[in-house]
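Keep the sequence and the model side by side while reading.

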Amino acid sequence: MPRFTVVCPTYNRGADIVPTLDSVRAQTADDWELLVVSDASSDDTDAWVEAAADRDARIRLLRTERHGHPSGPRNAALAEAGGEIVAYLDHDDRWLPDHLATLDRLFREHGTGRDADGVQLVATGCEYRTADDATTSVTEPLSLCWHPELQLLGPLFEPSRVAHRRGVVEAVGGWRDGAGLEDWDLWLRLADAGVAFTTTTERTALLLQDTGTRRHRTARPQRQTLAEFDSARSARGVLDALGDASTEPALRAACAADMREWFAAMARDGAFVRPRGWQGPLDEAVAATVAATEELWPDLVLFRRPGRFVLAQTLWCSRPEHARRIEELSRRVHPRQYALLDELAARHTASAA
């Protein structure tokens with residue numbers, strides 16, 4: 001039984017999958033198996049994986065019928081996994097050589113022996129890189145904090161940064177298909193089941209940041225309603241005001257105050273997780289994050305309901321019940337921002353009357 005099963009779903013990646021496979025072979029921790037699951041690839045991807053398997057018996061190719069979604073291949077790999085810990089690696093990402101060793105250390109920190117209970121789910125930091133291997137950004141400590149409320153409002157961790165004990169995912173129903181981010185859907189179900197992430201500031205994964213990746217092509221069918229209006233003019237006025245430079249200082253100040261208060265409340269909660277290696281002040285990290293955020297209200301849309309015009313925010317989540325929970329929690333933890341939004345809505349409604 002290997003310590004790790006590495007799960008890599010793929011479709012028509014061709015020779016470009018080789019650096020991903022090589023990054024696993026280069027790990028300083030060598031107790032692993034790599035299951036590459038081809039989602040009925042129609043190019044030469046399978047041949048490249050088989051060539052790698054000929055050189056390294058720890059690599060195995062699985063081939064499934066076409067799913068058109070990575071959840072099916074990941075579930076197929078889970079059914080074949082022999083490792084105590086399952087780690088994910090998307091076919092266009094890579095790991096630094098100490099990724100598995102870092103995960104192994106974190107899993108062993110609570111308890112003794114290979115089968116010790118304790119840490120169930122781990123996420124590392126990462127670097128985001130272009131197809132030309134230029135670093136565009138890196139994870140900061142605040143983005144590695146974890147709490148059920150943070151997990152509800154954001155996807156947090158891409159699969160290539162995550163590992164879990166075998167059986168944890170199957171216990172909540174496995175990976176699910178659907179429009180939206182399937183990793184966010186799974187992490188939320190795990191959080192709802194009481195499973196918490198352990199995180200580290202160590203950046204051991206290299207993730208492709210490119211508009212051609214599937215994450216950027218994912219549909220966003222869910223929406224969070226922000227305000228409703230009787231007239232299109234009022235709705236458009238609020239949309240324009242949210243992007244206007246004159247409104248930004250008040251919105252940014254409200255955002256900073258809401259975020260400081262929210263993180264302080266979560267930090268008093270026993271469920272709040274700081275990343276290993278960071279004990280910095282939350283207030284300073286929140287202020288820096290808000291200052292660096294380019295759009296406070298991204299992905300806004302206007303649409304029409306019978307007799308009404310709706311200002312909404314499109315969401316990456318896959319299910320309407322998740323969108324409803326986001327709307328409820330957002331209004332509770334961002335009261336100042338919503339108060340300003342309501343004030344703008346009232347002002348533009350009155351001017352259109």
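Begin with helix α11, whose buried residues are His322, Ala323, Ile326, Leu329, Ser330 and Val333. They cover an arc of only 135 degrees around the axis, which puts them on the same side of α11. The arc is that of the directions from the helix axis to the C-beta atoms. Buried means a relative accessible area under 20%, exposed means over 50%, and partly exposed lies in between, with a 1.4 Å probe and protein chains only. Exposed residues Arg324, Glu328 and Arg332 sit on the face of α11 turned away from its buried side.

A word on how to read the model is needed here. The model is predicted, so local features need pLDDT of at least 70 and side-chain atom pairs count only at pLDDT 80 or more, while totals for chains, interfaces and linings use all residues. Residues are numbered from 1 along each chain as its sequence is written, and side-chain values use heavy atoms, with hydrogens and water left out. Helices (H or I, at least four residues) and strands (E, at least two) are DSSP runs, numbered from the N terminus.

What do the buried residues of α11 pack against? Their partners are α5 (148-153), α6 (182-192), β10 (222-229), α9 (248-267), β12 (308-315) and α12 (335-352). Contact here means heavy atoms within 4.5 Å. The length of α11 can be checked as well. The expected span of a helix is 1.5 Å times one less than its number of residues. For the 14 residues of α11 (residues 320-333) this gives 20 Å, and the end C-alpha atoms are 20 Å apart, which agrees.

A polar atom of its side chain lies 3.0 Å from the backbone oxygen of Pro298. Not counting residues up to four places away in sequence, Gln313 touches Gln222, Arg223, Gln224, Leu226, Trp297, Pro298, Asp299 and Leu300. Asp299, in this list, belongs to the loop between α10 (282-292) and β11. Its phi is near 60 degrees, a positive value in a residue other than glycine. With a relative accessible area of 33%, Asp299 is partly exposed. Leu156 also has a positive phi, of about 70 degrees, although it is not a glycine. Leu156 is found in the loop between α5 and β8 (162-165), and is partly exposed at 24%.

Strand β11 (residues 300-305) holds Val301, which is partly exposed with a relative accessible area of 25%. Leaving aside neighbours within four places in sequence, Val301 is in contact with Arg223, Val310, Leu311, Ala312 and Thr314.

Now move to strand β1 (residues 4-10), where Thr10 lies. Is Thr10 buried or exposed? Its relative accessible area is 3%, so it counts as buried. The side chain of Thr10 makes a polar contact with the side chain of His91, at 2.8 Å. A polar contact is a pair of N or O atoms within 3.5 Å; within protein, one must be able to donate a hydrogen and the other to accept it, and residues adjacent in sequence count only if both atoms are side-chain atoms. Besides His91, the contacts of Thr10 beyond four places in sequence include Ile17, Val36 and Asp39.

Next, the cysteines. A disulfide is a pair of cysteine sulfur atoms within 2.5 Å, and by this rule the count comes to zero. The sulfur of Cys8 is 17 Å from the closest cysteine sulfur, in Cys126, too far for a bond. Cys126 is in no disulfide either, as the nearest cysteine sulfur, that of Cys145, is 15 Å away. Cys8 counts as buried at 1% relative accessibility, and Cys126 counts as buried at 0%.

Finally, consider the protein as a whole. Its secondary structure comes to twelve helices and twelve strands. Buried residues make up 51% of the 353 residues. Of the contacts with a separation of 6 or more, 80% join residues 24 or more positions apart. The C-alpha trace spans about 75 × 45 × 40 Å along its principal axes. The radius of gyration is taken over C-alpha atoms, and the globule rule is 2.2 Å times the number of residues to the power 0.38. For 353 residues a compact globule would have a value near 20 Å; the protein has 22 Å, which agrees.
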